[in-house]
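Q: Could you walk me through this one while I have it open? I'd like to start with a helix and then move on to the sheets.

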Amino acid sequence: MEKGKKMALLVGCNYPNTPNELHGCHNDVLAMREVLVARFGFDPNHVELLIDKPGSLIMPTGANIMKALSGMIDQAEPGDVLFFHYSGHGTLIEARNSSKKEEAIVPCDFNLITSVDFRQLVNRVPKGATFTILSDSCHSGGLIDKETEQIGPSSNPRNGITPPFCKPKEIPFESLLQYFTSLTSKISTDIGTHLVEVFGSDASLMFRLPLHELEPISKPYLKPDEGILLSGCQANETSADVEIMENGRKPCGAFSNAVQMVLKEKSGPLSNREIVLMARKILMMKHFNHQHPCLYCSDENADAIFLSPPHKPSP
């Protein structure tokens with residue numbers, strides 16, 4: 001059988017010279033690029049890197065990230081492996097139609113990419129391909145709206161030692177609302193009103209579409225889909241940007257680093273479930289008691305090999 005293509009988008013947002021500055025996100029995606037090529041056989045030409053380093057030709061704005069993800073999915077065919085690694089801030093936002101909060105990632109320009117956007121992207125992935133998202137950000141559990149939970153909230157006690165040199169990868173909703181209110185001068189607690197005013201058609205579907213058009217995108221699907229989410233933490237938790245002694249105090253995301261450690265320790269094939277459980281164990285040993293990685297995907301994909309071509313679909 002002809003092997004499918006492997007394509008990846010790696011996004012690291014450090015938000016340099018801002019109050020929200022992180023330090024390890026560029027390191028996370030650069031390390032992942034090496035692993036994708038050396039271990040998983042990705043062609044370097046099919047691995048796109050977006051980092052908010054001063055002087056970068058293409059910055060990881062919301063529009064640029066969505067354009068790259070959409071382009072990758074447009075090229076996808078059955079048998080292909082698609083991968084998106086995000087390291088940066090996350091947030092929880094108020095949904096328009098319910099009291100439930102929705103998960104989002106925070107690109108360098110704060111043009112939020114929401115769980116509805118990721119659901120819409122997953123819906124477009126052709127049957128027989130896979131789209132794996134590894135999100136090392138706060139509140140990343142549930143980032144694909146309505147995806148099946150395989151490894152979810154932990155009942156482990158959350159007390160314990162907080163590791164030194166540790167910063168949450170979160171921008172609170174209130175801070176984002178205050179920022180956009182200052183830009184638009186609109187008096188509204190609906191962040192979508194501000195985002196549409198600033199970003200127009202590049203704003204998230206969650207804020208642009210009327211509710212009756214959002215429902216078909218976000219309704220629970222009765223059949224398994226092609227999305228696989230490895231999240232750095234539960235929806236109600238924060239992920240950490242840290243300096244780890246074993247890394248020579250090189251800044252990194254705690255979850256991204258744990259995944260790298262798992263891949264170094266185990267040279268054979270690992271399932272998505274095994275990677276998340278092993279990463280959880282590493283974080284627990286390092287006293288990251290506030291952070292429990294999760295897995296969201298179909299039953300079949302939970303036990304599928306991480307970043308390996310899916311089984312050929314039945315005719």
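Q: Which residues of α3 are buried?
A: In this predicted model, the buried residues of α3 are Ser115, Val116, Asp117, Phe118, Arg119, Leu121 and Val122. That amounts to seven of the ten residues in the helix, which spans 115-124, so α3 is mostly covered.

Q: OK, switching to the sheet of three strands: what is its order, and how do the strands pair?
A: The order is β4-β5-β6, in an open sheet with antiparallel pairing. The edges are taken by β4 (90-94) and β6 (113-114), and each of them has a single partner strand, so one side of each is left without a neighbour in the sheet.

Q: How many bridges join β5 to β6?
A: Two bridges join β5, residues 101-105, to β6, and the two strands run antiparallel. As for the residues involved, Ala104 stands opposite Thr114 in β6.

Q: And the sheet of seven strands, what's the order there?
A: That open sheet has the order β2-β1-β3-β7-β10-β13-β8, and its pairing is mixed. At its edges stand β2 (47-51) and β8 (149-151), each with a single partner strand, so that one side of each is left without a neighbour in the sheet. From one strand to the next, the twist averages 15°.

Q: Do β1 and β3 run parallel or antiparallel?
A: They run parallel, with seven bridges joining β1 (residues 6-12) to β3 (residues 81-87). Leu9, for instance, has Phe84 in β3 as its bridge partner.

Q: Which strands does α8 touch where it packs on the sheet?
A: Helix α8 touches β3, β7 (130-136) and β10 (227-231), and the direction of α8 makes about 125° with that of β7.

Q: Then what about α8 and α9, at what angle do they pack?
A: Helix α8 (residues 254-265) and helix α9 (residues 272-285) pack at about 115°, and their axes are 9 Å apart. Angles of 65 to 115 degrees count as roughly perpendicular, and α8 and α9 are therefore described as roughly perpendicular to each other.

Q: Is that crossing left-handed or right-handed?
A: The crossing of α8 and α9 is right-handed.

Methods:
Residues are numbered from 1 along each chain as its sequence is written. This is a predicted model: local features need pLDDT of at least 70, side-chain atom pairs count only at pLDDT 80 or more; totals for chains, interfaces and linings use all residues. Side-chain values use heavy atoms; hydrogens and water are left out. Axes are lines fitted to C-alpha atoms, for helices over the stretch in contact, and angles run from 0 to 180 degrees between N-to-C directions. Helices (H or I, at least four residues) and strands (E, at least two) are DSSP runs, numbered from the N terminus. Angles under 35 degrees count as roughly parallel, over 145 as roughly antiparallel, 65 to 115 as roughly perpendicular and the rest as oblique. A crossing is left-handed if the near helix is turned anticlockwise from the far one by less than a right angle, and right-handed if clockwise. Two strands pair if DSSP finds at least two bridges between them. Contact means heavy atoms within 4.5 Å. Buried means under 20% relative accessible area, exposed over 50%, partly exposed in between (1.4 Å probe, protein chains only).
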